[in-house]
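Here's a quick briefing to read with the model open beside you. Grab your viewer and follow along topic by topic.

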Amino acid sequence: MKNLKKEFVFNLMVLAFTVTTLNAQMHSDQIDSLVLKAMHTVDHTVGFSIGVVKNGKIIHAKGYGLTSIETNNKVTSNTPFGIASNSKAFTSAALAILVDQGKLKWDDKVIDYIPEFKMYNDYVTNNFNIQDLLTHRSGLGLGVGDLMIFPNDSNFTINDVLNSFQYFKPTSAFRTKFDYDNLLYLVAGELTARVSGQSWESFIDKNIIKPLGMKNSYPGYSNILNDENVAVPHAIVDNALIALDNIKEHTKMNGAAGGIWSSASDMCKWMLAQLNHGKYGTELKNVLFSEQQQQEMWRMHTPMHMQSDPNSPFKSHFLGYGLGWLVSDFNGYLKIEHTGLIAGMASQVILIPELELGIVLLNNSEKSGMLNGLIGYALLDKFLNLNTGINWIAMASGMQEQRGNMIDKETETLWQEISSNKNRSFNKKNYIGTYEDHWFGKVEIFDNNGDLWFKSLKSPRLNGKMSYYKDNTFAIKWEYQDMNADAFAMFTLDKSGKGQNIKMKGISRFIDFSFDFQDLDLKRIAKN
C-alpha cells in the first residue's frame with residue numbers, strides 16, 4: 001500500500017512537471033519586446049528576422065529593422081537572408097530523399113559515384129562513404145581548402161575541389177576527430193547532381209523548397225530574380241558601418257555548403273517538417289523524407305569534445321555532429337541546431353523535438369551576430385521554463401562592451417611597425433614572379449606603380465599591396481576588407497637571394513578559420 005501511495009505521488013509530480021513544462025510559452029508580443037530591446041541595446045544592428053514554431057504551429061514570424069542602410073527597406077518575415085551553413089541540413093535532406101528513393105545508401109563509397117574523387121591516401125579514398133562527406137571526420141584540418149570559396153566570387157570549379165583533397169595533409173587519423181569543413185559538402189552536392197541527374201540547386205528547389213511552399217527561398221542568390229526585399233550584409237570597415245557588395249556573388253560551384261537564401265516564415269515551414277519527422281501538408285499526409293532518415297540525420301556520428309560548465313544554467317553533457325546538424329543534450333532535452341555565417345550575415349536554427357519547438361534567427365550585420373545566440377538562449381529559458389533569472393538584454397550590453405575592449409592590439413601594433421618600415425629599401429626583383437600551389441593555383445607577385453603587389457589568378461578578390469615587415473616577410477593588406485583576412489607572406493630565397501617559395505598565415509588571431517593561408521605551399525614556376 002505504501003509503495004502504491006509513493007508511486008501515485010511520484011506520478012503526480014511527474015504530471016505536474018510535464019504540464020508546467022508544456023505550458024511554458026512565450027506569446028508573440030513578448031517575443032517582439034525581447035527582440036526590440038535587444039536590437040536597441042546592441043550597436044550596429046541593421047536588420048533581424050525571427051521565426052518560432054511550437055506544437056505544430058507558427059506562433060511568431062516577423063522582421064525588424066532594415067534590409068540595407070542604403071535603401072531603408074524594412075525587413076519582413078518574408079525577407080530572404082543568406083542562411084550560410086544552415087544549408088548543410090538541406091544537403092543532408094537531399095541525400096536522405098535519394099536514400100528513401102533507393103538510389104543510394106549512406107554507406108556507399110563516394111568513388112562509386114565520383115570516380116575521380118581522390119583523398120590524401122588510397123585507404124581513405126577507397127573507404128570514404130557518403131556519410132563521411134557530411135560528418136567532418138575526414139582527418140583533414142579545420143576549414144581546409146576554404147580559400148577556394150572565401151572570399152566569394154572566385155574562379156574555382158567543382159573539378160578543382162575534387163582534385164584538391166589529394167594535396168592536403170591530414171591532421172588526424174581518418175574518422176577519429178571532428179574538424180569542420182565546407183569542401184566535402186560541395187562534393188555531396190556534386191554527388192546529389194550525379195545521382196539525381198539534375199543540379200544540386202534544381203534538386204533542392206524541386207524536392208524541398210517548392211513542396212514545403214517556401215515561396216521566398218532560393219537555392220542560391222543567382223536564383224533570386226524579382227525579390228526586391230533581400231537582406232543585404234553589413235560590416236564595420238574602417239570604423240564605419242557599410243553595406244557590402246558581395247551579395248551578388250557568382251560561383252562556379254554548387255551551394256551545398258552554404259548557398260541557400262531563405263526567410264523566417266519559410267524556415268518555419270522547414271522546421272515544422274523536421275519536427276514532424278519529415279511529414280508536411282494538410283493532416284501531414286505528405287512525406288519529404290522518412291522518419292528513419294530523419295533519425296539518421298539527428299544521430300550523433302562524430303563526437304565532439306566539450307567541457308561542462310558547472311556554473312551554467314544550461315546543463316549539457318554531450319555534443320556531436322549528425323548529418324548537417326549539431327546534436328547535444330540541453331537540460332535533459334535533445335537539442336538539434338546549427339549556425340551559419342557569411343561576411344556580414346549570420347543565422348541560427350534551434351530545434352527541441354520533445355517540446356515541438358523550433359527557433360530560427362536571421363540577421364544581416366556582422367557586429368550584431370551575437371544577438372542570435374542571446375535571443376535564442378532567452379527564448380529557450382522561457383520555453384523550457386528554466387527560470388534562470390538572467391537578464392539577457394543586460395548580458396548583450398555587457399558582451400558588447402567587452403567586445404569593444406577586445407581590440408586586436410597586436411595587429412594594430414604590427415601595422416604601425418610596418419608603417420615605420422615604409423622607407424626600408426629591398427630589391428623587389430628578388431620577389432617578383434609567378435608562384436603556384438597544387439590546389440590553390442597560381443599567384444603573381446609584381447610591381448604595381450612602385451609597390452610590391454600580390455594577386456591570386458583564381459581568387460581575384462585576394463589581391464593587395466605587400467608591405468615590408470622584417471627579414472623576408474611581407475604583410476598583405478587585401479583590397480577585400482569584408483572580413484578580417486590580411487595575411488603574412490614569408491619568402492624562402494635561394495643562394496642568389498631570389499624568392500623560391502612562399503608560406504603564408506593570417507595576421508590577426510581573430511581571423512576566420514576559412515582563410516586557411518597556412519595550408520598553402522607556393523613555389524616559383526619557370527617562365528614560358
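Let's start inside: L34, A38, L371, L374, I375, W392, I393 and A396 line the largest cavity. Keep in mind that this is a predicted model.

**The cavity**

- The count comes to 1 cavity of 30 Å³ or more, and the largest cavity has a volume of about 30 Å³.

**Helix 2**

- Helix 2 covers residues 28-41, and its 14 residues should span 20 Å at 1.5 Å a residue; the C-alpha atoms at its ends are 20 Å apart, so the two values agree.
- What's buried here? I31, D32, L34, V35, A38, M39 and T41 are the buried residues of helix 2.
- Two of those names, L34 and A38, turn up again in the lining of the largest cavity.

**The second largest pocket**

- This pocket holds about 1,000 Å³ of space.
- Its lining takes in 50 residues, and A84, F150, G258, L341 and I342 are the closest to the pocket centre.
- Strand 10 (319-321) and strand 12 (333-342) each put at least two residues into the lining.
- Which strand gives the most to the lining of this pocket? That's strand 12, with 5 residues.

**Aromatic pairs and a cluster**

- Searching the whole structure turns up 30 aromatic pairs.
- One of them joins F117 and F165, a tilted pair with 5.8 Å from centre to centre and 55° between the planes.
- F117 sits in the loop between helix 3 (88-100) and helix 4 (122-127), while F165 sits in the loop between helix 5 (158-164) and helix 6 (183-196), so this pair ties together parts 48 residues apart in sequence.
- F117 is buried, at a relative accessible area of 1%, and F165 also counts as buried, at 1% relative accessibility.
- Y480 and F515 make another tilted pair, with ring centres 6.3 Å apart and planes at 45°.
- Here too, loops are being linked: Y480 lies between strand 19 (473-478) and strand 20 (487-493), and F515 between strand 21 (499-506) and strand 22 (522-524), so the pair ties together parts that are 35 residues apart in sequence.
- Are Y480 and F515 buried or exposed? Both are buried.
- Back with F117 and F165, you'll find them in one aromatic cluster along with F128, F156, F168, F174, W439 and F440.

**Lysines over rings**

- K88 lies over the face of Y185, 5.3 Å from the ring centre.
- K477 does likewise with W415, where the distance to the ring centre is 4.4 Å.

**H438, out in a loop**

- H438 is in the loop between strand 15 (433-437) and strand 16 (441-448).
- With a relative accessible area of 62%, H438 is exposed, since anything over 50% qualifies.
- H438 and S365 are 73 residues apart along the chain, and their C-alpha atoms are separated by 35 Å.

- The peptide bond from F150 to P151 is cis, with omega near -10°.
- P151 belongs to the loop between helix 4 and helix 5, and F150 is among the residues closest to the centre of the second largest pocket.
- N72 has a positive phi, near 65°, although this residue isn't glycine.
- Look for N72 in the loop between strand 2 (57-65) and strand 3 (81-82); N72 is partly exposed, at a relative accessible area of 48%.
- N385 is another non-glycine residue with a positive phi, near 55°.
- Where does N385 lie? You'll find N385 in the loop between helix 10 and helix 11, and at 29% relative accessibility N385 counts as partly exposed.

Note on methods:
Residues are numbered from 1 along each chain as its sequence is written. This is a predicted model: local features need pLDDT of at least 70, side-chain atom pairs count only at pLDDT 80 or more; totals for chains, interfaces and linings use all residues. Side-chain values use heavy atoms; hydrogens and water are left out. Rings of Phe, Tyr and Trp (its six-membered ring) pair if their centres lie within 6.5 Å; planes under 30 degrees apart count as stacked, over 60 as edge-to-face and the rest as tilted. Helices (H or I, at least four residues) and strands (E, at least two) are DSSP runs, numbered from the N terminus. Buried means under 20% relative accessible area, exposed over 50%, partly exposed in between (1.4 Å probe, protein chains only). A charge sits over a ring if NZ of Lys or CZ of Arg is within 6 Å of the ring centre and within 35 degrees of the ring normal. The expected span of a helix is 1.5 Å times one less than its number of residues. On a 1 Å grid over the protein atoms alone, a cavity is a set of points where a 1.4 Å probe fits but cannot get out, and a pocket is an open set with protein on both sides within 12 Å along at least five of seven lines; lining residues have an atom within 4 Å of a point. Grid points are joined across faces, edges and corners, and a volume is the space filled by probe spheres set on the points.
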